[in-house]
Each structure stands twice: as C-alpha cells, then as structure tokens.
Amino acid sequence: MSEQGGVVVRAAGEADLDVAAELFRGYLDFYEVAPEDPGRPREFLAERIAKDESLVLLADVEGAGTVGFAQVYRGFSSLALRPAWVLNDLYVTPSGRRTGAGRALLREVLERARRAGVSGVQLETAYDNHVAQGLYESEGFEREGFHVYFHDLG
C-alpha cells in the first residue's frame, strides 16, 4: 500500500472483488464492451486474483471512496531476456478524475515493476484517448513505432 497526494493505492484481494468488478465494468463500458453475462467481469477478476495471474490495484480517495483500478499482467520480454509487465487496464471513475488517482495507480505500477526487476511496462490506449496519452507520456512512457495487430478468435 502506498499513499501519493491523498490517494491510497493498494493491491486488491478477494474481499475487494465487488468494488473491483464495479470499476472493471466501468472500464468495459468506457471501451463499449458489453459482456453477455453481467457477472462475468467479477468472475474474471476473481479468477485472475485467485490464480495470481494478474496484479489488481485499487485507488482510494478520501471522501470519494475507491475510484480507480489498474490490472497488470506479468510476462516476459524475449528481446530483453527478462520479465516484462503489461499494464492492460487502467480506469478511474468520472467522479474520481482530477484527483490524482490515475497518476497514483500508474506510479504504483512502475514502482512495483522496478522492485520486481522487470525490463519495462507496456500499455496500449485508444488513438483518441488524449487525456490518458498525456498522463502516460508525462510519466515517461514513450510511443513506440510498432504496429499492433490482433486476430479475433471469437
């Protein structure tokens, strides 16, 4: 757990699944993804946390509650020959924006990555999400010249 500018960032556990799932649903709504089963986001997070397949962080702001979450997948970089992390999800509720919650989550991911000795943290965001791009670039992320491809298998 860490505190940055009045925002407390902590790792989510099983007791946090309901609030984490609510934030995850907000993230999915933001990207216009509507799961057929409304309980699936909670099940998905529960499985990731139980199997220690991802790191889920929550941001608490005094007076506003838990307003943000981040989900990191641990992997490897063949080019660096070391572990690497993917910051797959970062979301702050509209009421939690401009509180520093997004920046605190991002900094906590980077600090934990440094302590874990990973080679770097990778993320993606929508082309038109200029607010997020500004945050990432202000924290030292650089846009790479690679094209991202995805093959949807349904």
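User: Happy to start with a single side chain: is Asp 18 buried or exposed?

Analyst: Good place to begin, and please keep in mind that this is a predicted model. The general idea is to compare the relative accessible area with a cut-off, and exposed means over 50%. Asp 18 has a relative accessible area of 53%, so Asp 18 is exposed.

User: Which residue does Asp 18 meet in a salt bridge?

Analyst: The partner is Arg 42, and the N to O distance between the two side chains is 2.7 Å. Asp 18 belongs to helix α1 (residues 17-30) and Arg 42 to helix α2 (residues 40-50), so this pair ties together parts that are 24 residues apart in sequence. Arg 42 has a relative accessibility of 33% and therefore counts as partly exposed.

User: What about Asp 16, with which residue does that side chain form a salt bridge?

Analyst: Asp 16 pairs with Arg 10, and their closest N and O atoms are 2.8 Å apart. Here the cut-off to remember is that buried means under 20%. Asp 16 counts as buried because its relative accessibility is 14%, and Arg 10, at 18%, is buried too.

User: Which residues are linked in a network of salt bridges?

Analyst: Look at Glu 47, Arg 48, Lys 51 and Glu 53, which are joined in such a network. How many salt bridges does a search of the whole structure find? It finds 15.

User: Let us turn to nonpolar side chains. Which residues form a nonpolar patch on the surface?

Analyst: Phe 30, Tyr 31 and Val 33 do, and together they have about 260 Å² of accessible area. Phe 30 is placed in helix α1. With a relative accessibility of 43%, Phe 30 counts as partly exposed.

User: And Tyr 136, is that residue buried or exposed?

Analyst: Tyr 136 is buried, at 8% relative accessibility. You will find Tyr 136 in helix α4 (residues 130-138). To read its surroundings, set aside the neighbours within four places in sequence: Tyr 136 is then in contact with Leu 90, Leu 106, Leu 123, Thr 125 and Phe 141. Also, Tyr 136 and Gly 102 lie 34 residues apart in sequence, while their C-alpha atoms are 9.8 Å apart in space.

User: Now the whole chain: how many helices and strands are there?

Analyst: The chain has four helices and six strands. Read from the N terminus, the order of the elements is β-β-α-α-β-β-β-α-β-α.

User: What does the radius of gyration tell me?

Analyst: The idea is to compare it with the value for a compact globule. For 154 residues that value would be near 15 Å, and the chain has 15 Å, so the two agree. The C-alpha atoms fill a box of roughly 40 × 40 × 35 Å along the principal axes. Of the 154 residues, 40% count as buried. As for contacts between residues at least 6 apart in sequence, 57% of them join residues at least 24 apart. Finally, the chain exposes about 9800 Å², with carbon and sulfur atoms supplying 52% of it.

Definitions and conventions
Residues are numbered from 1 along each chain as its sequence is written. This is a predicted model: local features need pLDDT of at least 70, side-chain atom pairs count only at pLDDT 80 or more; totals for chains, interfaces and linings use all residues. Side-chain values use heavy atoms; hydrogens and water are left out. A salt bridge is a side-chain nitrogen of Lys or Arg within 4 Å of a carboxyl oxygen of Asp or Glu. Buried means under 20% relative accessible area, exposed over 50%, partly exposed in between (1.4 Å probe, protein chains only). Helices (H or I, at least four residues) and strands (E, at least two) are DSSP runs, numbered from the N terminus. Patches are made of residues with over 30% relative accessible area and no salt bridge: like charges are joined within 9 Å, nonpolar side chains (Val, Leu, Ile, Met, Phe, Trp, Tyr) within 5 Å. Accessible areas come from the Shrake-Rupley method with a 1.4 Å probe; for residues, only the protein chains shown count as cover. The radius of gyration is taken over C-alpha atoms; the globule rule is 2.2 Å times the number of residues to the power 0.38. Contact means heavy atoms within 4.5 Å.
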